[in-house]
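Hi there,

Here is the structure I promised to pass on to you. Have a look at it first, and then read my notes below.

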Amino acid sequence: MRLTIIIPCYRVEAYLPACLDSVCGLPPEQVEILCVDDASPDGVGAMLAGYAGRQGNLRVHTHAENRGLSAARNTGLACARGEYVLFLDSDDLLQTEAVMPLLAQAREKRLDILQAAYACFEDGTGAPMPAPPMARATSVTTGDACFARMCAEKAYEPMTVIRLYRRTFLAERGIRMAEGFLFEDELFTAEAFLRAERVQVSDALLYRYRQRADSIMGGFRKSADWCVHYLRVVRRLVAMSEAEQPTPGQRALRKRAAAIALSIPKNIAAYGLAGEVRAQALAFTRAHRAEIARLAQGSGSASLRAQGALLRASLPLFLRMYARLSGRG
């Protein structure tokens, strides 16, 4: 088996048929489709059973209880048989015709990671939506160098789903999804790049990313719990970046970690937090202001150092200035 497509499934019965239809036309002798039912309470289980009955290369693993996205992906990794693995979220779509050419490219060049392009579309209408700047195509390079370049060009995207990974590369280095985290892609993708020996970026469109109002990223205004997860992720990224003689990728990761830490107070303005959620986010920021400022001031970036100094001096002034810059002041 050359490729395993891992699809975690939870509360997605409205979206799952389109997702599965985007992969079921791939050659079954080369591609296995591995769906993980994360104890979904809706009609996902019956839907997967129906597809498995018609699609010989589709396998289903079911969790007895809901364990979250990272655990579902890890279950898929543990059960995968493909030479390469590709993660697909169950409300998104693959650009079907791109999969096999990209797989052939990864195999021919013996890549640990092959990154491709993605496009965003609006849920409901299917209308195209803007996406951040894409990383430009590259020749084969090290993951560390590729990560550093993408960060410098402001084109790094941590989403796990836009890449093919050589399965034995992940297994031999013990790279798995961090369970119990939000924003776990930040950890998985950074570690994979920093440890990969052969990486390439393609500009071929592989992934179609549905923009949903009720997605995890849409929950910032509903709860301030994301603050805790941001800082937990940042601390792990900092640990990955620490070395006596840091590599270019580690230095870039240190800056990224500091920028994410500064996003905690910035998001209060950027997402227009109000009421109890705003109060909780402010309390968290006050409690961890010194740590966030210290990370920013040790980032190696003049801009981040200046922001860290302002945060250390005055949280209200920091918030007012960022509110004006974000158009909410």
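A residue is called buried when its relative accessible area is under 20%, exposed when that area is over 50%, and partly exposed in between (1.4 Å probe, protein chains only). Please keep in mind that this is a predicted model, where local features need pLDDT of at least 70, side-chain atom pairs count only at pLDDT 80 or more, and totals for chains, interfaces and linings use all residues. Residues are numbered from 1 along each chain as its sequence is written, and side-chain values use heavy atoms, with hydrogens and water left out.

Let's start with Q55, which is buried at a relative accessible area of 15%. You will find Q55 in the loop between α2 (44-54) and β3 (58-62); helices (H or I, at least four residues) and strands (E, at least two) are DSSP runs, numbered from the N terminus. The side chain of Q55 makes a polar contact with the side chain of N57, at 3.0 Å. Such a contact is a pair of N or O atoms within 3.5 Å; within protein, one must be able to donate a hydrogen and the other to accept it, and residues adjacent in sequence count only if both atoms are side-chain atoms.

Next, the charged pairs. Side chains of opposite charge can pair when their charged atoms come close. A salt bridge here is a side-chain nitrogen of Lys or Arg within 4 Å of a carboxyl oxygen of Asp or Glu, and the count comes to 18. In one of them, R59 pairs with E32, with the closest N and O atoms 2.9 Å apart. This pair links distant parts of the chain, since R59 sits in strand β3 and E32 in strand β2 (residues 31-37), 27 residues apart. Are these two partners buried or exposed? R59 is partly exposed at 22% relative accessibility, whereas E32 is buried at 1%.

Another salt bridge joins R235 to E291, with the closest N and O atoms 2.8 Å apart. R235 belongs to helix α8 (residues 226-241) and E291 to helix α10 (residues 275-297), 56 residues apart. R235 is partly exposed, at 42%, and E291 is buried, at 17%. There is also a network of salt bridges that links R73, D89, E184 and D185.

Finally, look at helix α9 (residues 248-270): a kink of about 45° lies at I264, shortly before the proline P265. The bend at a residue is the angle between axes fitted to the seven residues ending there and the seven starting there. After α9 comes G272, with a positive phi near 60°.

Enjoy exploring!
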